[in-house]
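Please open the model in your viewer and keep the selection panel at hand.

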Amino acid sequence: MTPAIELEKLGRAYGERAALADVSLTVEAGRTLVVFGPNGAGKSTLLRILATLLRPTAGTVRVLGEELPRRAWAVRGRIGLLGHEPLLYRELSARENLRYHARLHQVPEARIEELLDAVGMARRAQDPVATLSRGMVQRVAVARAVLHDPELLLLDEPRANLDPAAAELVDPLLRGRTRVVTSHDPAGGLADADIALGLRGGRPALLAAAGEVKPEQIGALYR
Ligand code: ADP
């Protein structure tokens, strides 16, 4: 089977500054890659490249068998991104946001109600996103990210702003697909992962099967 992600010496520079350098790895379909590293380590840069939002400046990237950025159009509809920005229109309601997204991806209306229910937002579905709490916005953002049933999920700290009950609620929606997840929680992140990547100053400082990594090794990335 074609790997979901293949990176070969991937790099991204902003002018003189290397945000990401020399990242080579493979993620098989159905597996979860968790990415650790302190602020500025390059985690978001990596996610944005995989999401086709940013062009690499070195190396090669294949996502779902397609080479990026050349074949970006062929993978966009097969990816779900949950970034720091919720990618929602604040003046529209949760339901309107999901309807808009559903039309882009030809998703049936019934799926919207099913997801609003699943993330516990059915009762507030008609309120403008601007009037929701941060945790509620995150729940709607999760619904938006999985609405079109993407093969690959790119998740930047998916539990951000969620209380433990809400985290448990959205968790099943984010499983059962290939995932790249950023995390600052060594034990929780490793428990969820098949492969662990630790970035430091944009470079891989750790790359191993998650089961072979100790939480202390993740902690060391931050010192
Ligand atoms: P992380 O997500 O791990 O906190 P980022 O990928 O956001 O790290 O950032 C990695 C490096 O790239 C940082 O040094 C950051 O300042 C730099 N960087 C990110 N985006 C830009 C940009 N648009 N312009 C210039 N530098 C950037």
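A polar contact is a pair of N or O atoms within 3.5 Å; within protein, one atom must be able to donate a hydrogen and the other to accept it, and residues adjacent in sequence count only if both atoms are side-chain atoms. The model is predicted, so local features need pLDDT of at least 70 and side-chain atom pairs count only at pLDDT 80 or more, while totals for chains, interfaces and linings use all residues. Residues are numbered from 1 along each chain as its sequence is written, and side-chain values use heavy atoms, with hydrogens and water left out.

**Glu-66**

Select Glu-66 and Arg-71: their side chains are joined by a polar contact of 2.5 Å. Glu-66 belongs to strand β5, residues 66–68. Helices (H or I, at least four residues) and strands (E, at least two) are DSSP runs, numbered from the N terminus. With a relative accessible area of 15%, Glu-66 is buried; buried means under 20%, exposed over 50% and partly exposed in between (1.4 Å probe, protein chains only). Leaving aside residues up to four places away in sequence, Glu-66 touches Val-61, Arg-71, Ala-74, Val-75 and Arg-78, where contact means heavy atoms within 4.5 Å.

**The ligand**

Next, display the ligand. Its surroundings include Tyr-14, Arg-17, Lys-43 and Ser-44, each with a heavy atom within 4 Å of it. Oxygen atoms of the ligand lie 3.1 Å from a polar backbone atom of Ala-41, 3.0 Å from a backbone N or O atom of Gly-42 and 2.6 Å from a side-chain N or O atom of Thr-45.

**Helix α4**

Move to α4, residues 109–118, and colour its buried residues Arg-111, Ile-112, Leu-115 and Leu-116. They lie on the same side of α4 because they cover an arc of only 135 degrees around the axis, taken from the directions from the helix axis to the C-beta atoms. The face turned away from that buried side carries the exposed Ala-110 and Asp-117.

**The aromatic pair**

Which kind of pair do the rings of Tyr-89 and Tyr-100 form? Their centres are 5.5 Å apart and their planes stand at 85 degrees, so the pair is edge-to-face. Rings of Phe, Tyr and Trp (its six-membered ring) pair if their centres lie within 6.5 Å; planes under 30 degrees apart count as stacked, over 60 as edge-to-face and the rest as tilted. Tyr-89 is partly exposed at 41% relative accessibility, and Tyr-100 is partly exposed at 39%.
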